[in-house]
Structure formats: structure tokens, C-alpha cells
Amino acid sequence: MGFVFKKRTRVSIEVEVFNQKKVYELLLLLPFSDRKMMTVVVRDIEAQAIVVLTKGADSAVLGAASQKESKQKLASLQASLNTFSKTGLRTLVFGLRTISDQEFAAILSEYNQFRQQKVSSPMSK
């Protein structure tokens with residue numbers, strides 16, 4: 001389709017986008033969970049931009065997007081999803097957003113606090 005996953009290491013992801021190789025530095029991975037979505041934060045090495053990529057259930061991803069996107073865009077997307085579901089198709093929604101270094105630092109700090117709380121919680125032992 002134009003996007004091919006090529007390889008992943010512990011610190012990078014390589015994809016082919018319309019026959020051109022792109023390498024991203026892997027900064028943070030939030031696996032699928034009860035959030036019903038998976039999120040990856042990467043640095044586009046070429047553009048030096050930090051990008052948040054999310055895929056998951058439409059209800060989860062659109063719920064997160066509704067804070068940032070216009071109601072018109074979301075209504076259009078929801079109409080398409082309704083059409084797909086009426087024909088029996090399953091859907092997976094994908095979203096991306098470019099963030100600043102400061103936004104990433106805040107996300108990483110919050111993530112690390114959450115992990116620390118989870119590790120020190122009596123329920124995790």
C-alpha cells in the first residue's frame with residue numbers, strides 16, 4: 001500500500017514509505033492494554049521531529065482525538081466508520097501528532113511516575 005515495516009531494533013524502527021527508507025528513533029512504547037490502543041513515540045531522524053503514533057479501537061482513539069480535532073472532521077470520520085461497520089468490516093483507527101521536546105519531556109515524566117507507582121504498589125507484589 002505504500003508503507004512497509006522493515007525492521008525494529010531496541011532503539012529504532014525502519015519503514016519504507018513509497019519506496020523510500022525512513023528511520024525513526026524509538027523513544028517510548030505504550031503497548032495495547034485496557035486503553036484499547038497502542039502508542040509509539042518516535043523521533044523522525046531526518047526531520048528531527050517527535051511524532052506520537054497511535055492505533056486502536058475507534059472508540060478509544062476518537063475519544064482521545066476529540067480533544068484536539070474539529071467536530072466536523074470527527075463527524076466525517078465517524079460516518080465512514082459507520083459505513084464500514086454496516087458492511088461487516090472491522091476497523092482500526094490510526095492517528096498521529098507532532099509534539100515538541102517539552103511536550104515529550106512532560107509525557108515521559110508522567111509515564112515514569114506511573115511506572116514507579118505501579119512498581120511500588122502493594123497490589124503489584
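Visitor: How do the residues lining the second largest pocket divide into nonpolar, polar and charged?
Guide: The lining has 17 nonpolar residues, one polar and three charged. Here Ala, Val, Leu, Ile, Met, Phe, Trp, Tyr, Cys and Pro count as nonpolar, Asp, Glu, Lys and Arg as charged, and the others, Gly among them, as polar. One caution: this is a predicted model, where local features need pLDDT of at least 70, side-chain atom pairs count only at pLDDT 80 or more, and totals for chains, interfaces and linings use all residues. Residues are numbered from 1 along each chain as its sequence is written, and side-chain values use heavy atoms, with hydrogens and water left out.

Visitor: Which residues lie nearest the centre of that pocket?
Guide: Phe 5, Ile 13, Val 15, Leu 53 and Phe 94, out of 21 lining residues. A pocket is an open set of points on a 1 Å grid over the protein atoms alone, where a 1.4 Å probe fits, with protein on both sides within 12 Å along at least five of seven lines; lining residues have an atom within 4 Å of a point.

Visitor: Which elements give two or more residues to the lining?
Guide: Strands E1 (3-8), E2 (12-17), E3 (20-30), E4, E5 (49-56) and E6 (93-99). Strands (E, at least two residues) and helices (H or I, at least four) are DSSP runs, numbered from the N terminus.

Visitor: In what order do the strands sit in the sheet?
Guide: The open sheet runs E1-E2-E3-E4-E5-E6, with antiparallel pairing. Two strands pair if DSSP finds at least two bridges between them. E1 and E6 are the edge strands with a single partner each, so one side of each has no neighbour in the sheet.

Visitor: What joins E1 to E2?
Guide: Five bridges, in the antiparallel sense. The two strands form a hairpin with three residues between them. Phe 3 stands opposite Val 17, and Arg 8 has Ile 13 as its bridge partner.

Visitor: And how many bridges join E4 to E5?
Guide: Eight, again with the strands antiparallel. Thr 39 stands opposite Thr 54 there. That hairpin has four residues between the strands, and Gln 48 takes a positive phi near 55°.

Visitor: How many bridges for E5 and E6?
Guide: Seven, in the antiparallel sense. Lys 55 is partnered with Phe 94 in E6.

Visitor: Switching to Arg 43. Where does it lie?
Guide: Arg 43 is in E4, which spans residues 37-44.

Visitor: What is Arg 43 in contact with, neighbours within four places aside?
Guide: Val 23, Tyr 24, Glu 25, Leu 27, Gln 48, Ala 49, Ile 50 and Asp 101. Contact means heavy atoms within 4.5 Å. Leu 28 is 15 residues from Arg 43 in sequence, and their C-alpha atoms are 9.8 Å apart.

Visitor: Now the helices. Which strands does H1 lie across?
Guide: H1 (residues 58-65) lies across E4, E5 and E6, at about 140° to E5. Axes are lines fitted to C-alpha atoms, for helices over the stretch in contact, and angles run from 0 to 180 degrees between N-to-C directions.

Visitor: At what angle do H1 and H2 pack?
Guide: About 175°, with the axes 11 Å apart; H2 covers residues 71-86. H1 and H2 are therefore roughly antiparallel, a label for angles over 145 degrees.

Visitor: Which residues meet there?
Guide: Asp 58, Leu 62 and Ala 65 in H1 meet Leu 74, Leu 77, Gln 78 and Leu 81 in H2. By class, that is five nonpolar, one polar and one charged.

Technical notes. Angles under 35 degrees count as roughly parallel, over 145 as roughly antiparallel, 65 to 115 as roughly perpendicular and the rest as oblique.
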